[in-house]
Amino acid sequence: MFGLYHSYLNIDVGAQAADRKTYSQEQARSFLGGKGLGTELLLKQNPPQVDPLTPDNRLIFACGPLSGTRIWGSARYGVFTKSPQTGMYSESYSGGTVAEYMVKTGYDAFVFHGRSESLCWIEVSDTGVHFHPADELAGKDTFATEDWIKDWIQNNRQDADGCGVVVIGPAGENLVSCAVIENDYWRSAGRTGVGAVMGSKNVKAIAFHGRTKKEVADPRAVQEAVKKMTAASKGNPGVKAYKNFGTPMMVDMLNEAKAFPSRYWSQGVSQHWEHINAAAHQEKCEVRASACPKCLMACGKVSTVKEGRHKGLKLEGPEYETIYAFGGLCEVSSIEEIIYLNDLCDRLGLDTITAGNLAGLSIEAARLGRIDSGPEYGDVDGIAQLIRDMAHRKGRGDLLAKGIRAVASEWGVEDIAVHVKGLEPAGYDPRVLKGMGLSYGTSDRGACHLRTTFYKPELAGMMDPEQIEGKAAMLAEWEDRLTIFDTLILCRFYRDLYPWEELSEVIEAVTGEHLETADMRRIAAHVSDGTRRFNIQEGWTPDDDHLPVGLTEKPLPETNATISRQQMQTMLDEYYRERGWNAQGVPRE
């Protein structure tokens with residue numbers, strides 16, 4: 001099977017040793033790569049019930065068969081582990097340049113286990129693995145760390161044609177449960193606490209470089225697929241919208257649908273949406289488009305604040321999810337201040353979705369008198385201090401660093417805390433978008449919007465958001481196709497450009513394997529069954545697929561929209577049947 005090396009590195013951080021492992025062609029055909037390979041390795045190597053922050057929990061970086069090829073949307077890598085935030089299956093993906101360098105090492109995946117006695121950084125290349133002391137990097141932010149590693153490689157590895165670097169910030173070093181792994185300054189493997197797992201191994205950074213080249217089955221067919229996609233993208237309204245505005249354009253759509261979570265999930269409309277949307281972003285900042293390698297979308301927006309106390313502040317973003325988390329849940333009414341909070345989280349190495357949710361919960365808990373004090377809605381400096389305290393585990397921040405379930409229990413706010421399996425949802429209220437409720441509930445990593453991106457068909461009118469019966473069939477098909485995306489690994493924003501037929505074409509061009517839609521769906525089902533089995537092994541119960549009472553028992557005031565537990569159960573029953581699982585949601589042997 002072309003497009004893969006059929007090998008991965010097992011790296012023992014404690015022993016400072018590495019050895020090459022191989023897997024068969026038949027195994028590759030069963031999972032393709034990426035998420036499929038990562039899931040297989042977790043099931044094979046992770047001890048059941050392992051503590052996520054102990055040496056035996058594996059931290060796996062993986063690429064897919066399309067990584068390192070010319071195929072549009074393929075410059076991504078995945079991270080797989082057991083989450084310290086949820087205690088269950090963890091997957092997180094990032095774009096940027098790193099996947100290109102991972103592929104050049106000549107391996108499909110890198111499995112880290114053990115723990116270094118002192119802080120270190122690791123260099124992985126096609127000629128070996130080297131372990132370096134990182135004492136002088138202790139406590140440094142993500143930007144400074146990445147700069148330091150890249151400078152070292154440039155000065156000490158003259159034969160290296162550049163490098164890709166993944167890093168953690170102070171939050172990862174301090175084992176904050178929502179710590180991220182970052183690369184290229186602003187790209188993040190951003191959810192489920194993968195940065196804390198990296199920190200638990202005493203690894204501050206990993207650099208990848210090499211000169212190995214991947215073989216594809218049919219270079220001419222790859223070239224034709226690239227040309228076809230280029231032509232298809234011209235004039236495509238979705239591509240045009242991403243290129244012009246990026247994800248901030250979603251603020252207007254969700255606010256109009258009355259599904260923009262605001263005031264910590266108590267409202268579906270923001271009163272200040274015009275100050276935090278794409279238009280405000282374009283007005284208040286100098287904005288230029290930025291793209292990952294092998295990308296024609298250029299959805300990234302490098303923004304420089306024009307005026308005010310943050311004049312000159314520059315970052316790529318903010319993304320819609322960061323705007324919703326701080327601008328919606330915390331009612332920060334200025335795009336410039338959201339950029340400031342975004343930058344703070346990036347440098348400290350924190351997930352902005354979870355940070356905004358925990359800040360919003362803190363505000364609401366104080367407002368309801370469940371805790372003595374806290375910032376108020378819109379209090380940017382108070383929210384910023386909470387973020388710093390969380391990253392450094394100071395005062396109340398130490399509790400926030402443990403995650404929303406610990407916070408809810410300690411403060412007695414289980415009735416308002418919004419999460420599924422310990423992971424907070426993204427900015428799509430399931431009381432309006434019922435399919436997103438099912439997506440949040442069934443996602444293997446907790447309340448994830450990317451597992452199905454089902455907000456797209458509901459907002460676009462492909463399916464009535466209010467529909468309950470029959471919704472699971474369409475959602476399962478979307479999930480299967482996007483699971484194939486994650487085995488390859490492809491960017492989610494190409495979902496409209498790669499329907500089943502185009503996926504089949506690029507898979508055959510790169511790997512040489514001819515797969516019909518039914519074949520791809522069988523592979524996707526195999527991967528989904530694997531993630532479910534992993535979660536069952538770690539203690540999953542059917543109740544973990546339900547939404548919290550903070551959503552099911554509290555209608556939105558603007559529309560009286562609700563999603564009841566019974567509605568969720570109806571959709572779950574149908575979903576389990578679509579998956580071929582039993583009535584309790586357990587895959588059949």
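This is a predicted model: local features need pLDDT of at least 70, side-chain atom pairs count only at pLDDT 80 or more; totals for chains, interfaces and linings use all residues.
Figure 1. Setting aside neighbours within four places in sequence, isoleucine 484 is in contact with Leu32, Trp500, Leu503, Ile507, Met520, Ile523 and Ala524.

**Figure 2. The whole protein, for orientation.** The protein has 23 helices and 15 strands. Its radius of gyration is 22 Å, close to the 25 Å that the globule rule gives for 589 residues, so the protein is as compact as a globular protein of that length. Along its principal axes, the C-alpha trace spans about 60 × 55 × 50 Å. Buried residues make up 63% of the 589 residues. Among contacts with a separation of 6 or more, 69% are between residues 24 or more positions apart. The accessible surface comes to about 20,400 Å², and carbon and sulfur atoms account for 46% of that.

Figure 3. Find strand β1 at residues 7-12 and strand β2 at residues 17-22; they pair in the antiparallel sense over six bridges. Which residue of β2 is the bridge partner of aspartate 12? The partner is alanine 17. Four residues lie between the two strands, and in this hairpin glutamine 16 takes a positive phi near 50 degrees. With a relative accessible area of 12%, histidine 6 is buried.

**Figure 4. Strand β5, covered on both faces.** In a regular strand, side chains alternate between the two faces of the sheet. Now follow β5, residues 89-94, where six of the six residues are buried. Tyr89, Glu91 and Tyr93 lie on one side, Ser90, Ser92 and Ser94 on the other, and both faces are covered. Strand β4, residues 77-82, runs antiparallel to β5 and is joined to it by six bridges. Valine 79 stands opposite serine 92 in β5. In the hairpin of these strands, with six residues between them, glycine 87 takes a positive phi near 75 degrees.

**Figure 5. Aspartate 486 in helix α19.** Helix α19 covers residues 471-488 and includes aspartate 486. Is aspartate 486 buried or exposed? This residue is buried, with a relative accessible area of 2%. Leaving out neighbours within four places in sequence, the contacts of aspartate 486 are Gly33, Gly34, Lys35, Glu91, Tyr93, Arg451 and Arg492.

**Figure 6. Threonine 453, a buried loop residue.** Look in the loop between α17 (434-442) and α18 (455-459) to find threonine 453. Its relative accessible area is 0%, so threonine 453 counts as buried. Beyond neighbours within four places in sequence, threonine 453 is in contact with Trp478, Leu482, Arg492 and Arg495. Threonine 453 and arginine 492 are 39 residues apart in sequence and 8.2 Å apart in space, C-alpha to C-alpha.

Figure 7. The peptide bond from glycine 317 to proline 318 is cis, with omega near 0 degrees. Proline 318 belongs to the loop between β15 (314-316) and α11 (320-329). Leucine 488 and isoleucine 489 are also joined by a cis peptide bond, with omega about -5 degrees. Isoleucine 489 is in the loop between α19 and α20 (500-511). For the positive phi, turn to asparagine 560, which has a value of about 60 degrees although it is not a glycine. Asparagine 560 lies in the loop between α22 (549-552) and α23 (565-579). Asparagine 560 is exposed, with a relative accessible area of 55%.

**Figure 8. Cysteines without disulfides.** A disulfide is a covalent bond between the sulfur atoms of two cysteines. How many disulfides does the structure hold? There are zero. Cysteine 120 is in no disulfide, and the nearest cysteine sulfur, that of cysteine 163, is 16 Å away. At 2% relative accessibility, cysteine 120 is buried. For cysteine 295, the closest cysteine sulfur is in cysteine 292, but the two sulfurs are 5.9 Å apart, too far for a bond.

Definitions and conventions. Residues are numbered from 1 along each chain as its sequence is written. Side-chain values use heavy atoms; hydrogens and water are left out. A disulfide is a pair of cysteine sulfur atoms within 2.5 Å. Buried means under 20% relative accessible area, exposed over 50%, partly exposed in between (1.4 Å probe, protein chains only). Contact means heavy atoms within 4.5 Å. The radius of gyration is taken over C-alpha atoms; the globule rule is 2.2 Å times the number of residues to the power 0.38. Accessible areas come from the Shrake-Rupley method with a 1.4 Å probe; for residues, only the protein chains shown count as cover. Two strands pair if DSSP finds at least two bridges between them.
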